[in-house]
Amino acid sequence: MKKELKTKITKEKILNSAIKEFGEKGYFAAKINNICSDGISKGLLYHNYKDKDELYLACVETIFNDITNYLKNQEINNDFEKYTKVRLKFFNENKEKASIFFEAVIKPPHELREEIQSLKKGFDSFNEDVYDKILLSITLREGVSKIEAKEYFKLMQNAFNGYFSSPTYNDMDISDIIVEHEDKLSSMLNYMLYGIAEKRS
């Protein structure tokens, strides 16, 4: 077996074990000792990853790429209801990846925030592309430009995720947060695009 292929297989094995550990326990409670099992020694792990932080970021990057590629293959176009449904399907079918994704987005380790934000750029870019397609399919209110609509989208997105990082959710299990987040996401997008009040004649 070629060295490059052997290294790739080894790194994938370590990543899979790390995703299981971080997904079940979260960044702070996860232990390197638990990741080192089934033929993975500490020496092998540290030969491929500098430390726990680098390994966690590798898991986060893998998951951001996985969900982005999954969503890209669903032909969402401008259908935000389909977007929320296929997102939830991915999370339901990948519980450990879902836990890491939401921890990274909503409650990232403070010292890794900047790195995580950088790793999230591809996912954010895909979301913006979907939103652009939605904007092209609707008629904006008079006086509202596409640029303003996009700025509003980013503001609402940050506020929405910020709400789920508030003390209200400190004691809630991550699986319950995921369900509530995805349920409210659909409503938030609907209200953001179409409003909550009937116009008076």
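Reply:

The model is predicted, with pLDDT of at least 70 needed for local features and 80 or more for side-chain atom pairs, while totals for chains, interfaces and linings use all residues. Residues are numbered from 1 along each chain as its sequence is written, and side-chain values use heavy atoms, without hydrogens or water.

The largest cavity holds about 260 Å³ (space filled by probe spheres on grid points joined across faces, edges and corners). Its lining (residues with an atom within 4 Å of a point) has 21 members, and Tyr83, Arg87, Asn127, Gln157 and Leu185 lie nearest the centre. Two or more lining residues come from each of H5 (80-93), H6 (95-106), H8 (121-137), H9 (146-164) and H10 (174-194) (helices are DSSP runs of H or I, at least four residues, numbered from the N terminus). H8 gives the largest share, five residues. By type, the lining has 15 nonpolar, four polar and two charged residues (Ala, Val, Leu, Ile, Met, Phe, Trp, Tyr, Cys and Pro are nonpolar; Asp, Glu, Lys and Arg charged; the others, Gly among them, polar).

One of these helices, H6, also meets H4 (residues 52-72): their axes come within 10 Å and cross at roughly 105° (lines fitted to C-alpha atoms over the stretch in contact, angles from 0 to 180 degrees between N-to-C directions). The contact (heavy atoms within 4.5 Å) includes Tyr56 and Phe64 of H4 and Phe101 of H6. Its residues divide into nine nonpolar, no polar and three charged.

Methods
1 Å grid on protein atoms, 1.4 Å probe; cavity = no way out; pocket = protein on both sides within 12 Å on 5 of 7 lines; lining within 4 Å.
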